[in-house]
Amino acid sequence: MEELPTPVQGQGGEEQHTTVKVVVIEDDQFLRDMVVEKLTKEGFATQGAVDGEQGIELVQRVKPQIILLDIILPGMDGFEVLGHLQANAETKTIPIIVISNLGSDEDIQKARALGANDYLIKAHFTPAEIVAKVREVMQRNYL
């Protein structure tokens, strides 16, 4: 699949392309490393965070084009992270894909009400399918 570039204006007014930045907020090191590695191999500039507080700080510093967010996190959970990101003018428009083991309709509706663009249940998706979902959400939101 081709990389989804983010167009930016160069100094001479010409359009340049930069790599799409992704932040993965996931406390499971194995899964986080696997998703970061897969996205990086697919051409995304990907960084991971281990908890909600670190994730919010990373999002504010990196200003990604998309966020992958777990719900069950130590300290601040993913629902709180969603609320915080939606309350901040600089981060509220960043698309967020929730990737969680929580799969009840109530959890999915709560995440969507708090601003999640999509919701994936971890057990139902491979890393390749997660990459495909990232591309889909990017196209829906930026192209």
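Start by selecting residues 29-41, which are helix 1, and residues 127-142, which are helix 5. In this predicted model, the two helices pack with their axes 10 Å apart, at an angle of about 60°. That angle makes helix 1 oblique to helix 5. Their crossing is right-handed.

Now show the side chains where they meet. On helix 1, pick Met34, Val35, Lys38 and Leu39; on helix 5, pick Pro127, Ala128, Ile130, Val131 and Val134. Colour this contact by class and you get eight nonpolar residues, one charged and no polar ones.

Next, zoom out to the whole chain. You'll find five helices and seven strands, running β-β-β-α-β-α-β-α-β-α-β-α from the N terminus. Of the 143 residues, 43% are buried.

Time to head inside. Which residues touch the most other members of the largest nonpolar core? Select Ile25, Ile67 and Leu69: those are the ones, in a core of 23 residues. Several elements each supply at least two residues of this core, among them strand 3 (21-25), helix 2 (52-62), strand 5 (66-69) and helix 3 (78-87).

Stay on Leu69 and bring up its neighbours. Leaving out residues up to four places away in sequence, Leu69 touches Ile25, Gly78, Val81, Leu82, Ile96, Ile97, Val98 and Ile99.

For a last stop, select Val20, Val22, Val35 and Val131, which belong to a second, separate core of 18 residues. You've met two of these names already: Val35 and Val131 also take part in the contact between helix 1 and helix 5.

Notes: Residues numbered from 1 in each chain as written. Predicted model: local features only at pLDDT ≥ 70, side-chain atom pairs only at ≥ 80, totals over all residues. Heavy atoms only, no water. Core = buried A, V, L, I, M, F, W, Y, C linked by side-chain atoms within 4.5 Å. Buried < 20%, exposed > 50% of the residue type's maximum accessible area, 1.4 Å probe, protein only. Helix = DSSP H or I, 4+ residues; strand = E, 2+ residues; numbered from the N terminus. Contact = heavy atoms within 4.5 Å. Axes fitted to C-alpha atoms, helices over the stretch in contact; angles between N-to-C directions. Parallel < 35°, antiparallel > 145°, perpendicular 65-115°, else oblique. Left-handed = near helix turned anticlockwise from the far one by under 90°. Nonpolar A, V, L, I, M, F, W, Y, C, P; charged D, E, K, R; others polar.
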